[in-house]
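Please read the points below alongside the sequence and the model. They take up the contact between two chains and then one residue.

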Number of protein chains: 4
Amino acid sequence: MNKTKKLIFDASIKSFSQKGFHKSTMDEIADMAGVAKGTLYYHFKSKEDIFKFIIDEGVKRIEDEINEKTKNMLDPVNKLRAVCEIQMQLAINHLEFFKTMLSQLWGDEERQHQLRNVLSRYFKLIEGFLKEAADDGLIADDNLEIMAFNFFGVMTSTVVYSLIHKEKDISQLTETLLGFVMRGIGR
Amino acid sequence: MNKTKKLIFDASIKSFSQKGFHKSTMDEIADMAGVAKGTLYYHFKSKEDIFKFIIDEGVKRIEDEINEKTKNMLDPVNKLRAVCEIQMQLAINHLEFFKTMLSQLWGDEERQHQLRNVLSRYFKLIEGFLKEAADDGLIADDNLEIMAFNFFGVMTSTVVYSLIHKEKDISQLTETLLGFVMRGIGR
Amino acid sequence: MNKTKKLIFDASIKSFSQKGFHKSTMDEIADMAGVAKGTLYYHFKSKEDIFKFIIDEGVKRIEDEINEKTKNMLDPVNKLRAVCEIQMQLAINHLEFFKTMLSQLWGDEERQHQLRNVLSRYFKLIEGFLKEAADDGLIADDNLEIMAFNFFGVMTSTVVYSLIHKEKDISQLTETLLGFVMRGIGR
Amino acid sequence: MNKTKKLIFDASIKSFSQKGFHKSTMDEIADMAGVAKGTLYYHFKSKEDIFKFIIDEGVKRIEDEINEKTKNMLDPVNKLRAVCEIQMQLAINHLEFFKTMLSQLWGDEERQHQLRNVLSRYFKLIEGFLKEAADDGLIADDNLEIMAFNFFGVMTSTVVYSLIHKEKDISQLTETLLGFVMRGIGR
DNA sequence: GATGAATGAGAGTTCATTCAT
DNA sequence: GATGAATGAACTCTCATTCAT
């Protein structure tokens, strides 16, 4: 990614975070990046295209970070804990962008399909860890795919909770969340 | 709600469901409702206003249905099961509108605040059932608010799963979901 | 003028005064009058029609008042003084409506032609007094028509001055104005 | 002012002159200028903004012309005569725009405030010449501000007269007007 | 006489995209 | 590589007017 593209990339994240996809304008992104509007179109096909690029890059980074952190771990539950920590960390630190993503998760536009695609790659990663846990006899081997979805759902709702309550103690949140995921609300 | 307003109400739900909030146009809603564009503005202040009205009405209906169905139940877990069933049913039957709602859950527009407000009312209702369960010693009395959020998160991710896998057997989904909520993935 | 028509008449003056012709809406006039919008159209052909009616009525009242007050006067200069006093009084007391009138004096719409017509009737009245003064040898017999226009122009600019400086001492203003009209700025 | 902006400037004057501010539409201005509607918004913030720009430019030009023509004059009365000539000339040559201006002189919109502001600058210029005349003992030193207003009022009513009578002999009109201003109607 | 729901033409404005330089 | 002036389709919203009751 060359220098100008990086400028646009950063400016786009900032703008999409502040205003969401629809209210961000190419004018504003160009302004923030300190380049001319035409330059955006030299580096990207369209506004949609910028968004897709960001998403791709963003999820790639999460995956990399998770892979990096878990590669020497043996206990699958620790790996899941790492997923929680990393995603919570990221979601809370880039809360506004996380919300923009969630708002673009639904619908039939190109970027929205793309977003779902990269996310399902991420879900597969989670499912992989669940499978390992199941193989170790730590959890039931049932419905792993739906469990991966639920895992994500619980993480997301915890982020929303933290957002409303301005709770930023991630290790605390992570433990509560992991407790819920492992044992549910029962007892 | 008089006849014309109902026509607009129905057309709006349909349009918002098919296209989402942003791609729905007042022209199209008017067309679908079989009224003139000006008529929309006779009954509603703005496009935003129509959306808010729909949300309000919609959540009211869920709440009513839940209250109706649970009022004679004694077991709090059954009440939570009813919540799951009713919401799953509704979300799956009105999948497109459910998605539109989720996409409008984030951001700083009037309608988005409003949506979060009515949803938090709904979360309180869930939290109430959790409290009952806790009082009966069925679940731990900890973090009930965050549990309510997670409950909703799990329901939502289950809907998403069902959407991808075109799984429409609600009682099956409900049981899996309830199992997850009660016991987590553990064992 | 029956009761309902009077309600509309009063409300229209008020609305046109507060907002001018263009920003006054039939909705608002109806609201102010406490009648339904349809009722406006029972009594008047159009918004334009209401305006024309008001203008007609208003100028008629000035003329009546002037005729009443001057009919026993002998000195033409006193008559002109009366014109000044009455018009200044009215313009200052109904400043907002006076401004609305001035803004509608120009242009090719029906109401604007109509406004110019009733005003030229008023100018003729002034010219009549000037003629009397000329016949008495008090002023030169030249250009009486243009003098009548100028007379009005000076009155109007004096009103504008009083409006900016919030000067409301009418007799003072009248004397200054009459001085200007009689002797100009010379000496 | 670059070429496109000039095109828009000219078209706007033409359109505002022909139809007034309210009945001029952005579509029409764009058509007249031979540019796309969006181009108007590239160069101006709004319709209001175009109007304000024109007013500003227009009054600037009058002032410049007056300053240019009077700078070598010694007799203040000659300077006032120059003001009359220049303004009459301009008002008569751009009668329609002059009328549009007069119709926009009243009211609370941005452009109307702006118009009054630039006009009061112009009045100050007139007042300056009156002061010079007063200092030379040619006229009384009283009420110079109100005299400046009246000066403008008389010029305007003379224009209106010339408009009705299709009288276009400016030097004739100027002398009559100056006579009125200097000596009033007396004798 | 009076109502007010319904109308629809038309307005100003936005903004992603293009393209000549 | 980069620019920014120009585009025009599309949008939301306004409001005088009509007409069945």
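1. A salt bridge here is a side-chain nitrogen of Lys or Arg within 4 Å of a carboxyl oxygen of Asp or Glu. The model is predicted. In it, Glu109(A) and Lys23(B) form such a bridge through their side chains, with 3.4 Å from N to O. The rule finds two salt bridges across the interface of chain B and chain A.

2. Polar contacts also link the chains: 11 residue pairs, both residues at pLDDT 80 or more, are counted between chain B and chain A. On the side of chain B that touches chain A, the elements giving two or more residues are α1 (3-23), α6 (95-103), α8 (144-165) and α9 (170-183) of chain B. The largest share, 13 residues, comes from α8(B). By type, that side of chain B divides into 18 nonpolar, 11 polar and six charged residues.

3. As for extent, 35 residues of chain B are in contact with 36 residues of chain A. Between them the two chains bury about 3500 Å², and 70% of this lies on carbon and sulfur atoms. In chain B, the residues that lose the most area to chain A are Trp106(B), Phe180(B) and Ile185(B), together 21% of what that side buries.

4. Is Cys84(A) buried or exposed? Cys84(A) has a relative accessible area of 0%, so this residue counts as buried, the cut-off being under 20%. Helix α5 (residues 76-93) of chain A holds Cys84(A). Leaving aside residues up to four places away in sequence, Cys84(A) touches Gln89(A), Phe151(A), Met155(A), Thr174(A), Leu177(A) and Leu178(A). Glu96(A) is 12 residues from Cys84(A) along the chain, and their C-alpha atoms are separated by 18 Å.

Definitions and conventions:
Residues are numbered from 1 along each chain as its sequence is written. Chains are lettered from A and ligands numbered from 1 in the order in which they are written. Side-chain values use heavy atoms; hydrogens and water are left out. Contact means heavy atoms within 4.5 Å. Buried area is the accessible area (1.4 Å probe) that two parts lose on being put together, summed over both. A polar contact is a pair of N or O atoms within 3.5 Å; within protein, one must be able to donate a hydrogen and the other to accept it, and residues adjacent in sequence count only if both atoms are side-chain atoms. Helices (H or I, at least four residues) and strands (E, at least two) are DSSP runs, numbered from the N terminus. Ala, Val, Leu, Ile, Met, Phe, Trp, Tyr, Cys and Pro count as nonpolar, Asp, Glu, Lys and Arg as charged, and the others, Gly among them, as polar. Buried means under 20% relative accessible area, exposed over 50%, partly exposed in between (1.4 Å probe, protein chains only).
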